[in-house]
Structures are given as C-alpha cells and as structure tokens.
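Open the model in your viewer and keep the sequence panel beside it. The stops below go through the disulfides and then a sheet.

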Amino acid sequence: MKSRSRKLHVGLVLIPVLVAVLSGCVPSAGDGASSSAGSSSASTTAQTQATSGPTAQQPAGPAGPGAPQAEAPVVRWVPIGPVGPNDPTSGQRYLLLQQFQCDALAQSVQDADDAAVWLAAAAVCKAVQSGSQQDWQRASIAVAATPRIPQTQCLEYTVAATSAAMVAAQRSSQGLSPRVEPGPGEACPRHLSGLTVVDEQLKVVPGRTRASGPRSGGTIVRLDGYYVRIGDILFDGEVSFPETVSGDGDYQTRYLRMPASDGRDSIRISITDTVDISGTVTFFYDDSTTGPSPDPGGQTTPDPTESTPAPGPSSNGASSTAAP
C-alpha cells in the first residue's frame, strides 16, 4: 500500500515537468506571430536588397565605358542665348543643342543653307552623350567642314566655338570624353547699338546721314541691336513713354514714334531689359529732314557720331539684317 502511494506521488510530481517540457517545444499563438513577422521581415529585406537599385538617379550624360572619367578635361557647353521658344529658326536650334536634343537638332536643319554649323554641333552633341570613339571621329570631320562664322552671328559663332573646343579637348585628352559644364554668361550680349528712321510701312528711309526728324515730332525710328524684353525706355536718362508703333513683344524689334522736341535739339535714347543692356543712341531734331533725300548711291549713310551696330542673331527682330 505504501509502495503504491509512493508511485502515485512520483507520477503527480512528474506531470508538471512534462507539461513544462512540452510547452517549450510547441510555441504559443503569440510566439508564433512574432516568429512569423521576423521571418517575413528578413525575407522582405533580402528581396529588397536583391531587386532595388540605387536611390539616386544617374545624371544625364554618357554612361558605361564612354562616360567621362575623373581626369577628363572640363569644357563649357553653350551658354544661355538668350533665346526663347518663340525665337524662330536659329533660336529654336540653339535651344535643342543647349538641351542635348541631338537627333532633333540634326533633323531640324535638313536642306538648310546654314546646316553645316548645326550638323557639326549635333555630331558633337551625340559624341558627348555616347562617348563613342566612332562618334567623336564623325564629330571631328563635321567640325573641320564648318565654314568660318563671323562673330556678329553670335548664336552660330558660339555654337561653332563650343563644337571646336569639345573636339580639341577630346583629342588632347587621348580619347577621353570631356566633362560638360554649363557655359557662363550669354551667347548674345544684349545691346542697343543703332537707330534707324523708317516710314509708315516700317521701311528704311534712305539718305539719312543720321537719325533725325522735324521738331514737330512724328518720326518713326527703329531701335537696332539685340534685346529680349524691353522694360523701360529712357530719354536723356529719364523714363519716358513714347508711342510704340510696332514690336512690343519679346524678341521683337521695337519701333517708336518720336515726340515733339519741346525745345530740345536731340534726345539720347537708352533701354532696360531683364538684365543689363549696354548702349545709347541719339535722335536729332532737324526741320530740314522732313522727307527722304536719297544720296547718289541710294544707301543710308551711318551717322559718324553713332557706333556701328553689332548685329544680334538672325532670329531676333533686332538683328544683323537691320541697317543702321
């Protein structure tokens, strides 16, 4: 009887031990959720590391073997024109080049008379992007075939100079593609450099040795030079509000109707733009110039007291086609 009681006592003691052991092998509901979340988190992290790329976007430009190396020369790209979307022909081409739209630039100049400088620029643009030695060779040939551009054609001149600088830098660096940085300043500095008398149809009045008209006023004059957006018109340094006959929009040639003299013999004219603009021009009051008086050659003679206009790009209303 005592032995049976002892066995029963031992069995009762072992029950809690077995329960404890078994409870350690079988996780509770709470432990299972925690373990599952940990496993899922680890799996997600591993999958993210395997599939996700770098968080920073690669900057535009050539990549891979043709990408510019650290030791590659730095060359300035074409600067601000200034040009705008409404600026025709060369202005639009300039924007395409500035934005590295190489193929679009090449397509835009097909069969154009001035295609050479733009096709060379498009070839350089493509070589900069690809880094391919074959593209650089094509660019070199195209640049060599570019005719000499006069500095007065400021957009084309800047494009040709930039293209030549790119090719020279690539050659001197033993085939390394140059690193491109934005060009400083403007390709076409804004300036007021001439004044032209025109008729009511805005055609040049020939035979004037200088910009002049009667003291009663009414003479129409054209402001020559290169400007984008005229802010103020100044007469003798004071803001004035003469009548605008034509051209009050961006990149448009401005035509003014001169006021009466009010006792003045002349007026010095200057303008403001969105940035500084250099130059002043003079209108003279002279009652002997009430009508056209062509010289023997029928050409307008520049006023020796005025500077010769430095023409802007052909796309601007105040352009190289404007005769002083």
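A disulfide here is a pair of cysteine sulfur atoms within 2.5 Å. This is a predicted model, in which local features need pLDDT of at least 70 and side-chain atom pairs count only at pLDDT 80 or more, while totals for chains, interfaces and linings use all residues. Residues are numbered from 1 along each chain as its sequence is written, and side-chain values use heavy atoms, with hydrogens and water left out.

**Cysteines**

Select the cysteines and show their side chains. Searching the whole structure gives 2 disulfides. With the bonded cysteines of the protein numbered in sequence order, they pair 1-2, 3-4.

**First stop: C102 and C125**

Select C102 and C125, which are joined by a disulfide with an S to S distance of 2.0 Å. The torsion about the S-S bond is -65°, and the link is left-handed. Colour by secondary structure next; helices (H or I, at least four residues) and strands (E, at least two) are DSSP runs, numbered from the N terminus. C102 lies in helix α4 (residues 102–108) and C125 in helix α5 (residues 115–130), so that this pair, 23 residues apart, links distant parts of the chain.

**Second stop: C154 and C188**

Move to C154 and C188, where the disulfide has an S to S distance of 2.1 Å. Which hand does this disulfide have? It is right-handed, because the torsion about the S-S bond of C154 and C188 is about 100°. The pair again links distant parts of the chain, 34 residues apart: C154 is in helix α7 (residues 154–172), and C188 is in the loop between β2 (179–181) and β3 (191–198). C154 is buried, at 8% relative accessible area, and C188 counts as buried at 0%.

**Third stop: the sheet**

Now hide the side chains and show the backbone. Strands of a sheet pair through backbone hydrogen bonds, either parallel or antiparallel. Two strands count as paired if DSSP finds at least two bridges between them. Select β4, β11, β10, β6 and β7: in that order they form an open sheet of 5 strands with mixed pairing. The edge strands, each pairing on one side only, are β4 (212–213) and β7 (238–240).

Finish on β6 (residues 233–235) and β10 (residues 266–271), which pair in the antiparallel sense over 3 bridges.

How values were computed
Buried < 20%, exposed > 50% of the residue type's maximum accessible area, 1.4 Å probe, protein only.
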